[in-house]
Amino acid sequence: QVQLVESGGGSVQAGGSLRLSCVASGFTNSRYSMGWFRQAPGKEREGVAAIDDAGATSYAASVRGRFTISKDNAKNTLYLQMNSLKPEDTGMYYCVADLFDFVPYLATVTSDDLEEWGQGTLVTVSA
């Protein structure tokens, strides 16, 4: 049974930084793609960043150049370094994993398409 546990959310002023972490367990093989989605109040969940088992990455246009996704396979941990945060980055951030390689499809994949989800960590950015 796959488990994804996020941490690192919090409140920060615009221009600040946060690093999210997601500790994964229960993977049956190493070929999972992983990523971060977020959901702002009243909005649909959207893909933020993704990374596949080979290390290829993709980002939403709104975060490209400000956010960096990475992983430490030895620690089974996924990270999202978020710099130059804006109020519109506010939302619940979810760690996600799937054997389907959704990295090339981050802009179009939906919640229903992906199998494993964490419970989320809240990020609040004030102006």
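**Rings and a disulfide: why they get their names**

Tutor: Let's start with a bond: in this predicted model, Cys22 and Cys95 are joined by a disulfide, with an S to S distance of 2.1 Å.

Student: What makes Cys22 and Cys95 count as a disulfide?

Tutor: The cut-off is 2.5 Å between the cysteine sulfur atoms. Cys22 and Cys95 have theirs 2.1 Å apart, so the pair qualifies. A search of the whole structure finds one disulfide.

Student: Why is the disulfide of Cys22 and Cys95 called left-handed?

Tutor: Look at the torsion about the S-S bond: for Cys22 and Cys95 that is about -75°, so the disulfide is left-handed.

Student: How do you know whether Cys22 is buried or exposed?

Tutor: Buried means under 20% relative accessible area. Cys22 comes out at 0%, so Cys22 counts as buried. Cys95 is also at 0%, so Cys95 is buried too.

Student: On to the rings, then. How many aromatic pairs are there?

Tutor: The count comes to four aromatic pairs. One of them is Phe27 with Tyr32, 4.1 Å centre to centre and with 10° between the planes.

Student: Why is the pair of Phe27 and Tyr32 called stacked?

Tutor: Centres must lie within 6.5 Å, and planes under 30 degrees apart count as stacked. Phe27 and Tyr32 have 4.1 Å and 10°, so both tests are passed.

Student: What makes Tyr32 buried, and what is Phe27 called?

Tutor: Tyr32 has a relative accessible area of 10%, and the limit for buried is under 20%, so Tyr32 is buried. Phe27, at 28%, is partly exposed, because that term covers values between 20% and 50%.

Student: Why is the pair of Tyr94 and Trp117 edge-to-face?

Tutor: The planes of Tyr94 and Trp117 are at 80° and the centres 6.2 Å apart. Over 60 degrees counts as edge-to-face, so the name follows. Tyr94 is in strand 9 (residues 91-98) and Trp117 in strand 10 (residues 116-117), 23 residues apart.

Student: Which cluster do Tyr94 and Trp117 belong to?

Tutor: Ring pairs link Phe37, Tyr94 and Trp117 into a cluster.

Student: What sits over the ring of Tyr94?

Tutor: The charged end of Arg45, 3.9 Å from the ring centre. The charged end of Arg45 sits over the ring of Trp117 as well, 4.8 Å from its centre.

Notes: Residues are numbered from 1 along each chain as its sequence is written. This is a predicted model: local features need pLDDT of at least 70, side-chain atom pairs count only at pLDDT 80 or more; totals for chains, interfaces and linings use all residues. Side-chain values use heavy atoms; hydrogens and water are left out. Rings of Phe, Tyr and Trp (its six-membered ring) pair if their centres lie within 6.5 Å; planes under 30 degrees apart count as stacked, over 60 as edge-to-face and the rest as tilted. Buried means under 20% relative accessible area, exposed over 50%, partly exposed in between (1.4 Å probe, protein chains only). Helices (H or I, at least four residues) and strands (E, at least two) are DSSP runs, numbered from the N terminus. A charge sits over a ring if NZ of Lys or CZ of Arg is within 6 Å of the ring centre and within 35 degrees of the ring normal.
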